[in-house]
Number of protein chains: 2
Amino acid sequence: MKLTSLVTQIRKKESFLCIGLDTDLEKIPSHLLAEDDPIFAFNKSIIDATHHLCVAYKPNIAFYEAYGIAGWKALEKTIAYLNKNHPDLFTIADAKRGDIGNTSGRYARAFFEELQFDAITVAPYMGKDSVEPFLAFSDKQTILLALTSNEGAFDYQTKLVEGRALYKQVLETSKTYKNAENLMYVVGATKAEYLKDIRKIVPESFLLVPGVGAQGGSLEAVCRYGMNKDVGLLINSSRGILYASTEKDFAEAAALKAAELQNRMAIELNKVR
Amino acid sequence: MKLTSLVTQIRKKESFLCIGLDTDLEKIPSHLLAEDDPIFAFNKSIIDATHHLCVAYKPNIAFYEAYGIAGWKALEKTIAYLNKNHPDLFTIADAKRGDIGNTSGRYARAFFEELQFDAITVAPYMGKDSVEPFLAFSDKQTILLALTSNEGAFDYQTKLVEGRALYKQVLETSKTYKNAENLMYVVGATKAEYLKDIRKIVPESFLLVPGVGAQGGSLEAVCRYGMNKDVGLLINSSRGILYASTEKDFAEAAALKAAELQNRMAIELNKVR
């Protein structure tokens, strides 16, 4: 998917919401457990109820791998369902992969070619040759971890490297990678005030922002510091939407939560019109 | 598996060889492609021919995920075959995973509980709460990336953070994590001279050392700088063993290459007796 299509979708839907499909058999409504594939049944219901309110879906691969082959099958069905029924939606494999060159190429093939995701999240620690094999796919986006939303972000990411924080070094260095125009970045909403500095380094790039909602980040603060002329933001919510209800009305409850976020996003978009 | 059992195996076999099962359908002998599951058929032949020469096997998960469900099935069969027939061998899922706390817990469950690997490789970028869910599994080892064998290692890992290289910061900080006694570290053989400094920070820990062979690292240099009183080293070789021959004699050829490495390891072990 071209980024221009994503921007068009955002303007049309007045939404830059990404819904994280972190589907957990211990949290989904119990009546779904009788289904052949409860994970896919849950995802399908969520997608059917929310696709008009968001522009992206982001399954976190850990939740699927935890169930082995059954999980992988549910992931395959979910991405196939999205690609068939909602080709306009941006799809992100939240995989946080990264390995030496030829091996990263394998992960790229797995998520871009086999599963046909539009984007994948990638960890930066192993540097250039671990990231470039993902960037080699034109029309695909590689979303590099910069500043994550968790406590552990302060272990290394905010430490000073040659006078500036490691996450800034990651942003700056990655701009020199081949096909860097295919890069996006993960920046946690729990650290919205950092966005001002981040925008000085990557003014044009799209940022994937987790941590709004359950993790405590503020949507409005993220917009204030992070929005650029093409919006440039995808704000993710997972648990807050997926598990809004654990009864039979879970999909409607999810849609209500998604609509609430979409409304707040529409207000932010209209502020800068 | 307890680390003491690994040390016992190393002494008994006079080997600290880990064989990387990076099985690539484009490189395995073509006659195997007619098999129902060519990946597993290849792995089984390699294991049958080499298990007496090594103490560990390390499938890199990228090579399996690249083939979707077929790949995941081959991985399941491989680890089940190892656990059934060679329970004394140490098994490492080379997955380089890492995510926020509850999500890392999912990966831990996938590789430790579902697949029953003894160990997994983990990326450090997201810090403490992304690593500790793996460490919570007693009798399992978490192998943190410190200094990798690729060129990209110089992008961030060797950069100075508060006066010392990031990889040293990773080693030092990780020692404060809960259940840190379950940590091992990845240190590339292509940077063997760094091992002297690394041993000052983690004198007791086991190091998983890739990059000997195809990537140009020296086994003898790694031993000189990295060996401790419990040996403390697992040296990995993948391509150099797996693809020693692409003909019908591939398993024998692999065993010859593994035996060559094992012989050199026996010499190193006897030097320090």
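Here, contact means that heavy atoms lie within 4.5 Å of each other. Helices and strands are DSSP runs, numbered from the N terminus. Keep in mind as you look around that this is a predicted model.

With that in hand, find helix H6 of chain A, residues 128–135. What covers the buried residues of H6(A)? The cover includes several elements of chain A: strands E3 (90–97), E4 (119–122), E5 (141–147) and E8 (183–187), along with helix H5 (101–114). Buried here means under 20% relative accessible area. Six of the eight residues of H6(A) are buried, so this helix is largely enclosed by the rest of the structure. Those buried residues are Ser130(A), Val131(A), Glu132(A), Pro133(A), Phe134(A) and Leu135(A).

Now turn to the meeting of the two chains. On the chain B side, 59 residues are in contact with 59 residues of chain A. Together the chains bury about 5100 Å² between them, with carbon and sulfur atoms giving 56% of that area. In chain B, the residues that lose the most area to chain A are Arg106(B), Tyr125(B) and Tyr156(B), which together make up 19% of what that side buries.

Arg106(B) also forms a salt bridge with Asp24(A), and their closest N and O atoms are 2.5 Å apart. Between chain B and chain A the count is eight salt bridges, and 32 residue pairs are in polar contact, both residues being at pLDDT 80 or more. Helix H5 of chain B (residues 101–114) gives the largest share of the side that touches chain A, with eight residues. That side of chain B divides into 25 nonpolar, 15 polar and 19 charged residues.

Technical notes
Residues are numbered from 1 along each chain as its sequence is written. Chains are lettered from A and ligands numbered from 1 in the order in which they are written. This is a predicted model: local features need pLDDT of at least 70, side-chain atom pairs count only at pLDDT 80 or more; totals for chains, interfaces and linings use all residues. Side-chain values use heavy atoms; hydrogens and water are left out. Buried area is the accessible area (1.4 Å probe) that two parts lose on being put together, summed over both. A salt bridge is a side-chain nitrogen of Lys or Arg within 4 Å of a carboxyl oxygen of Asp or Glu. A polar contact is a pair of N or O atoms within 3.5 Å; within protein, one must be able to donate a hydrogen and the other to accept it, and residues adjacent in sequence count only if both atoms are side-chain atoms. Helices (H or I, at least four residues) and strands (E, at least two) are DSSP runs, numbered from the N terminus. Ala, Val, Leu, Ile, Met, Phe, Trp, Tyr, Cys and Pro count as nonpolar, Asp, Glu, Lys and Arg as charged, and the others, Gly among them, as polar. Buried means under 20% relative accessible area, exposed over 50%, partly exposed in between (1.4 Å probe, protein chains only).
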